[in-house]
Amino acid sequence: MLKMIGVVMICFSSAMIGISVGNRIKTRCKVLSGFISAIDCMCAEITCLLTPIEEILEKLVAQQSEPTRKFFYGCLLAHKRRKESRFSDIWQEELTRAEDLCLKEGDIPLFAEIGNSFGRYTGEEQVRVLGGIREKLVQLQKSAQEESSRNVRLYRSLGITCGIALVILLI
């Protein structure tokens with residue numbers, strides 16, 4: 001009986017690892033898409049209304065889905081608490097805390113650029129910088145979607161297969 005429970009636990013654990021890796025890839029695609037739509041919203045607000053950053057963050061919290069919403073909510077709360085701090089510093093701190101965004105190490109400098117663009121330039125320059133970042137995010141999203149379509153099922157199947165193989169080896 002204990003052997004059977006061990007077999008089930010090993011298979012389940014390895015399958016969950018594979019599923020978790022696959023879900024991280026899918027979450028990254030969702031986050032990239034969320035940030036692209038957030039940049040579109042930011043550009044519209046800056047261009048048409050010169051909306052303050054706090055109001056832009058409130059709109060993004062209302063419009064975005066998880067985990068992107070959680071990131072913007074963290075930025076909003078930190079900005080309200082620390083009004084004297086530079087927004088780029090707040091953005092960077094939230095970015096380092098936001099593990100649920102599932103970003104790759106190479107993505108972080110690009111995401112940091114978004115926060116660095118606020119308050120440093122005129123409205124037109126901010127929109128131009130955000131437009132350039134948006135184009136890079138679109139490219140990242142395409143490659144992430146290709147990776148997702150290729151590898152998500154692979155990681156999930158590999159997790160299950162490794163669990164079964166481990167059970168066979170231990171029996």
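Keep in mind that the model is predicted.

Let's start with helix α4, which covers residues 87–97. Its buried residues are Phe 87, Ser 88, Ile 90, Trp 91, Glu 94 and Leu 95. They cover an arc of only 160 degrees around the axis, so they sit on the same side of α4. What do these buried residues pack against? Their partners are α1 (2–49), α2 (53–63), α3 (68–81) and α5 (108–117).

**Where α1 meets α2**

Next, look at α1 and α2. Their axes come within 10 Å of each other and cross at roughly 145 degrees. The crossing of α1 past α2 is right-handed. Which residues make the contact? From α1 come Ala 38, Cys 41, Met 42, Glu 45 and Ile 46, while α2 brings Ile 56, Lys 59, Leu 60 and Gln 63. Sorted by class, the contact of α1 with α2 has 6 nonpolar, 1 polar and 2 charged residues.

The loop between α1 and α2 holds Leu 50. Here phi is near 50 degrees, a positive value in a residue other than glycine. Moving along, the loop between α2 and α3 contains Pro 67. The peptide bond from Glu 66 to Pro 67 is cis, and its omega is near 0 degrees.

Helix α6 spans residues 123–170, and Arg 134 is part of it. Along the chain, Arg 134 and Ala 38 are 96 residues apart, yet their C-alpha atoms are separated by 9.5 Å. If you skip the neighbours within four places in sequence, Arg 134 is in contact with Ile 36, Ile 39 and Asp 40.

Glu 147 also lies in helix α6.

**Cysteines, but how many disulfides?**

How many disulfides are there? The count comes to 0. Take Cys 43 as an example: the closest cysteine sulfur, in Cys 41, is 9.3 Å away from the sulfur of Cys 43, so the two are too far apart for a bond. A disulfide would need the sulfur atoms within 2.5 Å.

Another cysteine worth a look is Cys 102, in the loop between α4 and α5. Cys 102 is not a glycine, but its phi is positive, at about 60 degrees.

| Residue | Relative accessible area | Class |
|---|---|---|
| Cys 102 | 10% | buried |
| Cys 43 | 14% | buried |
| Glu 147 | 16% | buried |
| Arg 134 | 24% | partly exposed |
| Cys 162 | 44% | partly exposed |
| Leu 50 | 64% | exposed |

Leu 50, with its positive phi, is exposed. Cys 102 also has a positive phi, but this residue counts as buried.

Terms used: Residues are numbered from 1 along each chain as its sequence is written. This is a predicted model: local features need pLDDT of at least 70, side-chain atom pairs count only at pLDDT 80 or more; totals for chains, interfaces and linings use all residues. Side-chain values use heavy atoms; hydrogens and water are left out. Buried means under 20% relative accessible area, exposed over 50%, partly exposed in between (1.4 Å probe, protein chains only). Helices (H or I, at least four residues) and strands (E, at least two) are DSSP runs, numbered from the N terminus. The arc is that of the directions from the helix axis to the C-beta atoms. Contact means heavy atoms within 4.5 Å. Axes are lines fitted to C-alpha atoms, for helices over the stretch in contact, and angles run from 0 to 180 degrees between N-to-C directions. A crossing is left-handed if the near helix is turned anticlockwise from the far one by less than a right angle, and right-handed if clockwise. Ala, Val, Leu, Ile, Met, Phe, Trp, Tyr, Cys and Pro count as nonpolar, Asp, Glu, Lys and Arg as charged, and the others, Gly among them, as polar.
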